[in-house]
Amino acid sequence: MSNFPVMQIRADFPILADKIRDRPLVYLDNAASCQKPQVVIDTLTHVYAHEYANIHRGVHTLSMRATERFEAAREIARGFLNAESVKEIIFVRGATEAINLVAQSYARPLLQPGDEILITAMEHHANIVPWQMVCQQTGAALKVAPMNLQGELILEAFYPLLTPKVKLLALSHMSNALGTINPVKPLIAAAHALNIPVLVDGAQAAPHLAVDVQDLDCEFYVFSGHKVYGPSGVGVLYGKQAWLEAMPPYQGGGDMIRKVSFSGTEYAGLPHKFEAGTPAIAEVIGLGAAIQYVQGVGLAAIAAHEADLLAYATELARGIPELRIIGEAAHKGGILSFTLHKIHPHDIGTLLDNLGIAVRAGHHCAMPVMEFFCVPATARASFAMYNTHQEVDYLMNGVKSLIKVFA
Ligand code: PMP
């Protein structure tokens with residue numbers, strides 16, 4: 001057993017002390033959204049109580065204070081991804097908006113009939129639908145790199161799909177439905193050998209793995225605040241400066257302009273060019289606090305703890321003959337998707353909830369993954385830094401009790 005301070009961490013998350021249906025909450029739906037530490041809750045409260053005003057436009061003290069804190073959060077996000085410059089950090093609503101921004105602002109003006117966007121078979125809908133939309137708008141085609149029955153990308157099939165027709169490779173760092181961690185660094189290098197830019201969907205990876213965008217060398221990296229223990233309604237698009245400079249704005253409005261007249265508008269420089277309108281001010285500042293909290297615990301320690309939980313859960317799951325694990329990649333993050341013989345995943349979710357155990361049941365916004373594995377849905381337990389081995393025991397004992405009822 002490691003000396004990861006899980007009980008100390010749990011004490012920082014007030015909701016974990018709550019009861020659900022008179023039982024201690026066992027929160028295993030972290031891939032959908034993580035719970036928030038007190039420091040994030042306090043930051044939001046403090047900003048709204050004492051530091052709130054609109055940013056970037058005011059000359060008064062509160063506006064300047066809010067602006068300072070907002071821009072300090074940008075620096076924190078820069079450090080989190082090891083981006084070269086704060087100009088490369090665009091605050092958006094979340095991973096979904098970030099991908100749509102790149103689809104509409106980078107891909108749409110560029111794509112011609114005959115061009116291709118390459119994704120993988122394990123993508124979240126957020127990394128499928130924006131590309132389908134832009135392909136419809138431009139006549140380009142969407143290509144899908146296949147995976148095997150373990151839920152791993154088939155590299156021999158992937159590489160031939162990288163051709164000069166491909167104008168962007170967009171792939172998840174870690175799959176939300178399967179837990180698969182893709183070998184993004186060599187895949188990015190392979191794409192670059194053909195001058196193909198790469199977008200990495202880091203919605204699942206950012207909370208669990210240390211990310212260094214300069215080392216990865218990807219053109220775009222996206223993640224959501226609510227999955228890194230921060231507030232909802234905020235996320236980050238990282239883009240290499242030269243790429244963002246070359247892209248037109250995504251939305252027009254306030255804050256993204258330098259000068260407006262009826263004869264034309266001059267846009268602001270980076271990063272503001274892509275931040276039209278009043279942003280989620282307190283939430284961005286809260287995201288800064290969340291990232292600092294994660295950094296305080298340390299991503300290497302978090303990853304090791306979660307790997308431990310996953311290994312333990314997988315071992316117990318393998319001992320249950322009625323349970324089928326969906327997604328058995330050799331390199332996986334803390335996600336255990338499964339089905340049970342004779343019990344629909346939605347019933348698993350509801351029945352486990354009766355025991356105070358929160359898992360997700362459904363298609364996890366990855367319907368093509370469900371189709372590939374010929375299942376309507378799965379139940380998914382997903383781990384975070386505050387989960388314990390005892391909670392894994394509760395889950396597996398809960399699963400066994402359901403099996404008995406349905407036998
Ligand atoms: N990509 C992946 C891999 C995800 O897991 C999610 C969220 N489930 C998203 C993208 C979209 O994130 P959001 O809903 O926060 O925009």
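Biologist: How many nonpolar, polar and charged residues are in the shell around the ligand, by class?

Modeller: The shell has 3 nonpolar, 7 polar and 2 charged residues. Here Ala, Val, Leu, Ile, Met, Phe, Trp, Tyr, Cys and Pro count as nonpolar, Asp, Glu, Lys and Arg as charged, and the others, Gly among them, as polar. This is a predicted model, where local features need pLDDT of at least 70, side-chain atom pairs count only at pLDDT 80 or more, and totals for chains, interfaces and linings use all residues. Residues are numbered from 1 along each chain as its sequence is written, and side-chain values use heavy atoms, with hydrogens and water left out.

Biologist: Which residues surround the ligand?

Modeller: Among them are Gly 94, Thr 96, His 124, Asn 176, Gln 204, Ser 224 and Lys 227. A residue is near a molecule if one of its heavy atoms lies within 4 Å of it.

Biologist: What describes two packed helices?

Modeller: The angle between their axes and the distance between the axes. Helix α12 (residues 345–354) and helix α14 (residues 389–406) pack at about 115 degrees, with axes 10 Å apart. Axes are lines fitted to C-alpha atoms over the stretch in contact, and angles run from 0 to 180 degrees between N-to-C directions. Helices are DSSP runs (H or I, at least four residues), strands likewise (E, at least two), numbered from the N terminus.

Biologist: Which backbone features stand out here?

Modeller: Most residues other than glycine have a negative phi, and most peptide bonds are trans. Asn 82 has a positive phi of about 50 degrees although it is not a glycine. Asn 82 lies in the loop between α3 (61–81) and β4 (89–92). A cis peptide bond joins Leu 270 and Pro 271, with omega about 0 degrees.
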